[in-house]
Amino acid sequence: MRVIKFRAWDTEAGKMIYTPNETPHDATKETDCYYIGWTSLTGTWQMYCESNGRIRDIDNLMQYTGEKDIDGREIYEGDIINIRGGSKDGELAEVQFHHAEFELHFEDDTADNLAYGIYNLKIVGNIYETPEILKGAGE
């Protein structure tokens with residue numbers, strides 16, 4: 001059974017928030033904003049920040065795919081992946097959720113289902129913290 005987890009890009013703090021009380025990949029917890037949840041009263045995803053009791057709306061919510069890269073790191077929507085091996089060796093792809101499945105979207109506008117497991121994947125960044133990785137690849 002796949003574990004349901006989320007992360008969110010906190011644009012105000014410029015940090016990725018993992019929940020509940022999780023730490024990103026190999027980093028340490030650097031923020032007190034940790035609770036991410038759906039608020040039916042407002043119909044929005046929100047995060048709670050303990051130090052000041054603030055509740056903020058989340059615009060950039062990303063779900064855990066249930067897959068891990070070759071280093072054992074959890075793959076989320078928005079991750080930038082380097083493909084290892086096969087016909088796409090060395091190519092970069094962004095993880096996106098489309099048509100009720102997680103997909104790898106390549107620069108040539110093709111996509112493959114992430115769950116097929118036909119590639120060895122390595123996380124090299126994400127679209128919020130390191131967007132230049134994808135921008136630089138197409139130049």
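## Inside the fold

Leaving aside its neighbours within four places in sequence, valine 95 is in contact (heavy atoms within 4.5 Å) with Thr65, Ile75, Tyr76, Glu77, Gly78, Asp79, Ile81, Glu103, Leu104 and Leu114. Apart from the core that holds Val95 there is another core, of six residues, including Met16, Tyr18, Met62 and Tyr64.

A word on the source: this is a predicted model, where local features need pLDDT of at least 70, side-chain atom pairs count only at pLDDT 80 or more, and totals for chains, interfaces and linings use all residues. Residues are numbered from 1 along each chain as its sequence is written, and side-chain values use heavy atoms, with hydrogens and water left out.

Back to the core with Val95, the largest nonpolar one: its 12 residues are Ile75, Ile81, Ile83, Ala93, Val95, Phe102, Leu104, Phe106, Leu114, Tyr119, Leu121 and Ile123. A nonpolar core here is a set of buried Ala, Val, Leu, Ile, Met, Phe, Trp, Tyr and Cys residues joined through side-chain atoms within 4.5 Å. Buried means under 20% relative accessible area, exposed over 50%, and partly exposed in between (1.4 Å probe, protein chains only).

The largest share, three residues, comes from β10. Strands (E, at least two residues) and helices (H or I, at least four) are DSSP runs, numbered from the N terminus.

Why does glutamine 63 count as buried? Because its relative accessibility is 16%. Leaving aside neighbours within four places in sequence, Gln63 touches Arg2, Ile4, Lys5, Phe6, Tyr76, Glu77 and Phe102. Tyr76 and Glu77 turn up among the contacts of Val95 too.

Zooming out, the protein has one helix and 12 strands, and the order from the N terminus on is β-β-β-β-β-β-β-β-β-β-β-β-α. Of its 139 residues, 39% count as buried. Among contacts between residues at least 6 apart in sequence, 42% join residues at least 24 apart. The accessible surface (Shrake-Rupley method, 1.4 Å probe) comes to about 7,900 Å², with 47% of that belonging to carbon and sulfur atoms.
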